[in-house]
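Dear colleague,

I am passing on the structure we spoke about, together with notes on what was found in it. Please read the notes with the model open beside you.

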2 protein chains.
Amino acid sequence: MPHGNQELRKAGLKVTLPRVKILEILESTGESTQHLSAEDVYRALLDAGEDVGLATVYRVLTQFETAGLVTRHNFETGHSVFELETGEHHDHMVCVSSGEVVEFNDPVIERRQQEIALAHGFEIVDHSLVLYVRKLPDQD
Amino acid sequence: MPHGNQELRKAGLKVTLPRVKILEILESTGESTQHLSAEDVYRALLDAGEDVGLATVYRVLTQFETAGLVTRHNFETGHSVFELETGEHHDHMVCVSSGEVVEFNDPVIERRQQEIALAHGFEIVDHSLVLYVRKLPDQD
DNA sequence: GTGCCTGCAAATTGTTTGCACTTGA
DNA sequence: TCAAGTGCAAACAATTTGCAGGCAC
């Protein structure tokens with residue numbers, strides 16, 4: 001019983017070929033893999049010779065999001081990107097020239113956010129922090 | 001010579017009725033005014049009896065953004081909202097139940113962001129921090 | 001006057017939905 | 001078997017663009 005079939009079942013989702021394939025693609029840890037758009041996943045499926053419709057990709061990704069298997073991000077790109085949920089919260093740094101995405105987590109910022117919300121009489125439900133960055137010239 | 005006509009000229013934009021009106025709407029400081037979507041601006045124009053096309057609203061807002069007169073935000077709402085540029089950077093807290101938007105600026109977080117980017121060999125070009133929050137019950 | 005602007009409608013892009021058909025349990 | 005899942009095409013929502021006519025300078 002391979003891969004994340006368990007997770008699919010646990011999420012109450014029937015183990016079907018498109019779902020398994022999409023999970024596999026999200027799991028494949030290529031460099032720039034991770035953070036894929038629906039289109040990206042769709043193309044990866046075609047490249048893999050799988051005949052899955054784009055609509056299904058959207059449906060499955062949305063189900064995965066609801067099930068907590070993936071997280072959806074809306075960077076400034078005009079479309080959503082999806083990432084496998086690892087359980088560990090992190091924020092993102094996106095390189096504006098290469099598109100490279102770096103994840104990070106900073107306890108100082110996290111704590112500060114809580115304090116700020118509280119000071120305004122709110123509790124944080126969720127948050128989104130994205131740094132748009134440019135690579136500095138090497139200067140070792 | 002009223003309002004921001006100067007700013008329009010300075011931006012190299014001809015002073016036309018739609019542009020002036022749209023600027024006025026963005027300047028009107030109603031509580032929940034500020035942070036308007038293209039639709040919001042469009043409706044405000046109609047309410048004011050002005051006959052401006054939605055396409056023009058989009059064009060003008062984009063020109064304003066390019067000119068640095070307004071800032072575009074992409075919260076998780078699926079559409080962009082625009083806000084008059086004040087020169088002072090700030091982040092946002094959006095109440096998930098009321099839609100209320102609170103602006104804040106925290107030097108600790110700002111500094112930390114710089115440090116983190118630097119530690120990864122990047123410089124920050126821009127950043128976006130949005131806290132999605134819920135109002136806490138009053139407990140004075 | 002003339003070139004920047006605008007309105008309208010049509011085109012795009014990203015995403016969702018209706019429906020007949022297929023498939024996993 | 002048979003409801004859940006899928007493919008396809010059509011529907012949608014937000015935004016952009018082409019073009020003929022208008023308005024600021």
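**The contact between the chains**

The contact between the two chains draws 33 residues from chain A and 33 residues from chain B, where contact means heavy atoms within 4.5 Å. Please bear in mind that this is a predicted model, in which local features need pLDDT of at least 70, side-chain atom pairs count only at pLDDT 80 or more, and totals for chains, interfaces and linings use all residues. Residues are numbered from 1 along each chain as its sequence is written, chains are lettered from A and ligands numbered from 1 in the order in which they are written, and side-chain values use heavy atoms, with hydrogens and water left out.

The size of an interface is often given as the accessible area lost when the parts come together. Here chain A and chain B bury about 3,200 Å² between them, with 67% of it on carbon and sulfur atoms; buried area is the accessible area (1.4 Å probe) that two parts lose on being put together, summed over both.

Across this interface there are four salt bridges, a salt bridge being a side-chain nitrogen of Lys or Arg within 4 Å of a carboxyl oxygen of Asp or Glu. A:Glu123 forms a salt bridge with B:Arg134, and the closest N and O atoms of the pair are 3.4 Å apart. Between chain A and chain B, 14 residue pairs are in polar contact, with both residues at pLDDT 80 or more. A polar contact is a pair of N or O atoms within 3.5 Å; within protein, one must be able to donate a hydrogen and the other to accept it, and residues adjacent in sequence count only if both atoms are side-chain atoms.

On the side of chain A that touches chain B, strand E4 (91–95), strand E5 (101–104), H5 and strand E6 (122–135) of chain A each supply at least two residues; helices (H or I, at least four residues) and strands (E, at least two) are DSSP runs, numbered from the N terminus. The largest share of that side, 14 residues, comes from E6(A). The residues of the side of chain A that touches chain B divide into 19 nonpolar, six polar and eight charged, where Ala, Val, Leu, Ile, Met, Phe, Trp, Tyr, Cys and Pro count as nonpolar, Asp, Glu, Lys and Arg as charged, and the others, Gly among them, as polar.

E6(A) also pairs with strand E6 (residues 122–135) of chain B, in the antiparallel sense and over 13 bridges; two strands pair if DSSP finds at least two bridges between them. Within this pairing, A:Lys135 stands opposite B:Phe122 in E6(B).

**Chain A and its confidence**

Chain A has five helices and six strands, and from the N terminus on its elements run α-α-β-α-α-β-β-β-β-α-β. The C-alpha trace of chain A spans about 50 × 40 × 30 Å along its principal axes. Chain A averages a pLDDT of 90, and 93% of the residues score at least 70, pLDDT being the predictor's confidence in each residue, from 0 to 100. Among the elements of chain A, helix H1 (residues 5–10) has the lowest mean pLDDT (87), and helix H5 (residues 107–119) has the highest (97).

**The three-stranded sheets**

In chain A, an open sheet of three strands has the order E1-E3-E2, with antiparallel pairing. Strand E1 (36–37) and E2 of chain A stand at the edges, each with a single partner strand, so one side of each is left without a neighbour in the sheet. E1(A) and E3(A) pair over two bridges, and A:Ser37 stands opposite A:Val81 in E3(A). In chain B, three strands likewise form an open antiparallel sheet in the order E1-E3-E2.

A:Ser80 is found in the loop between strand E2 (70–73) and strand E3 (81–84) of chain A, and its side chain makes a polar contact with the side chain of A:Asn74 (3.0 Å).

**A salt bridge within chain A**

Over all chains the structure holds 16 salt bridges. In one of them, the side chains of A:Glu50 and A:Lys21 meet at 3.8 Å, N to O. A:Glu50 lies in the loop between helix H3 (38–47) and helix H4 (54–67) of chain A and A:Lys21 in helix H2 (residues 17–27) of chain A, so the pair ties together parts that are 29 residues apart in sequence.

With best wishes
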